[in-house]
Amino acid sequence: EKTKFTANEAEALASDASFQRAAQEAALADERARESRSETSRVRTELDYFKQELMGGITRSSDLTSKSAGLISRVESAEIQLEKLKVQSQGIESKHTQAKNEALSASDSVQSLLTQKDFHKQNRDALSIELQKLKKSQDDAYEARVASEKNLNLLRSKLEGLKELNASHEGFGDGPKAALEYARSKDGADKLLALASFLEISDGYETAIEGWLEDKIENLVSSDTCLAMETLDHLREEKLGRASIQVAPTIAYQAFSSKFGEIREILENAGFQVHGELVDFVGFRKTQSELEKLSHEVAARLLNHACVVESFEPMAAFIGNKGFRILGGWSVVAKDGSVLTSDGNLRGGSIEGGGATTLIRIRKMSEELDQQILGAEQNHRVSEVAFEKISIEVKAASEAWAAVSAEIQNLDIQGAALERDVLQMNRV
């Protein structure tokens, strides 16, 4: 029993220990229960909150569902719109690429236009320089044409004045001039002419001829004796002076014992510079007048057997040695008009420009002017052709310059339009 008691006591102790442990566990369980209740209360509170939230969420969910349906519809619409936008974007991108290419092409075109413009500007500058040169040449050609025309008109005016002097028998004395005018008034101008009108005197020998012939150079010739007599009667009645009219050829000539070669030798030995026979320095004009032969015979007689020398410087010694006695009927004439006749008569002094030699000089000057006028007319034609040619070149150069300027202006307009297009394309 003691053992049983001990065993029971031990079992009681064990039970107590178990109870204690159970009590502790119960207390712990109770504590846990309290904590569980507290947690449960908190959870219930939270559950109520979550219920409320759930109810609110359900409500919001319902709203969101409604909104979602709208959003879905909008998303679907947006997706459709997006597809459209994608298509448009692709088109825009294609257009953008095309526009970009066009912009690049336009830029290249602008650069090409600028290059062309620079080329045309250089061409225009060259044309401007050439045009200035041509205009300068045109001005020079115009001045040359005006000068040639002025010179031609001046020569023609001089010739006209000489013709008027010739027609008025300038240089003749009152008698011969009145005789010629009277014959012309009677329609006999071709029947009574001045001997000088048939003569052509070499340059430099006019004074010698005038000194030798003196007043005989104003002699007239006529094939109409009646007209000649009537003319002289008119001069006498009107007291217009005197005139000498040759109406018949010279028949007799004085016999000369020496030839010109001998006379030349005599004069040169005496220190004279011999030029030749006087008649060698006078020519005879070819005319259609019936008085031509008569005038030639008269002139030949008047000019025959006269020797021309440079001057009379050796003459004093020559006469002192009675050299004129061996001249054999020849006369000596100096270029200054001094004369030693075959009969020993020494003539000289001042010879004023006038007489019939004036008519000869006028005629010679007229002939020279005719040649000068021919040259002046040729020069004037050349200057006119040159002016017309340079004017054509100036016109062509001006038109070329204007065409290039117009092209530059056109390029400016095209360039401005292209630059505007490029700017707009770049903005796009």
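View 1. R156 is partly exposed, with a relative accessible area of 39% (buried is under 20%, exposed over 50%, partly exposed in between; 1.4 Å probe, protein chains only). The partner of R156 in a salt bridge is E377, with the closest N and O atoms 2.9 Å apart (a salt bridge is a side-chain nitrogen of Lys or Arg within 4 Å of a carboxyl oxygen of Asp or Glu). This pair links distant parts of the chain: E377 is in helix 8 (residues 355–427) and R156 in helix 1, 221 residues apart. Helices (H or I, at least four residues) and strands (E, at least two) are DSSP runs, numbered from the N terminus. By the salt-bridge rule the count comes to 4. The model is predicted: local features need pLDDT of at least 70, side-chain atom pairs count only at pLDDT 80 or more, and totals for chains, interfaces and linings use all residues. Residues are numbered from 1 along each chain as its sequence is written, and side-chain values use heavy atoms, with hydrogens and water left out.

View 2. D140 is partly exposed at 35% relative accessible area, and K136 is partly exposed at 49%. In helix 4 (residues 225–238), D233 and R236 are 3 residues apart, again about one helical turn. Their side chains meet in a salt bridge of 3.0 Å, N to O. D233 counts as partly exposed at 27%, whereas R236 counts as exposed at 55%.

**View 3. Strand 7 and its two neighbours.** From strand 7 (residues 306–309), A306 and V308 point one way and C307 and V309 the other, and all are buried. In a regular strand the side chains alternate between the two faces of the sheet. Strand 5 (residues 274–277) pairs with strand 7 in the antiparallel sense over 3 bridges (two strands pair if DSSP finds at least two bridges between them). G276 stands opposite V308. Strand 8 (residues 331–334) runs parallel to strand 7, joined by 4 bridges, and S331 is the bridge partner of A306.

**View 4. Helix 3 and the residue after it.** In helix 3 (residues 206–213), 7 of the 8 residues are buried. Among them are I209, W212 and L213. E214 follows the helix and has a positive phi, near 50 degrees.
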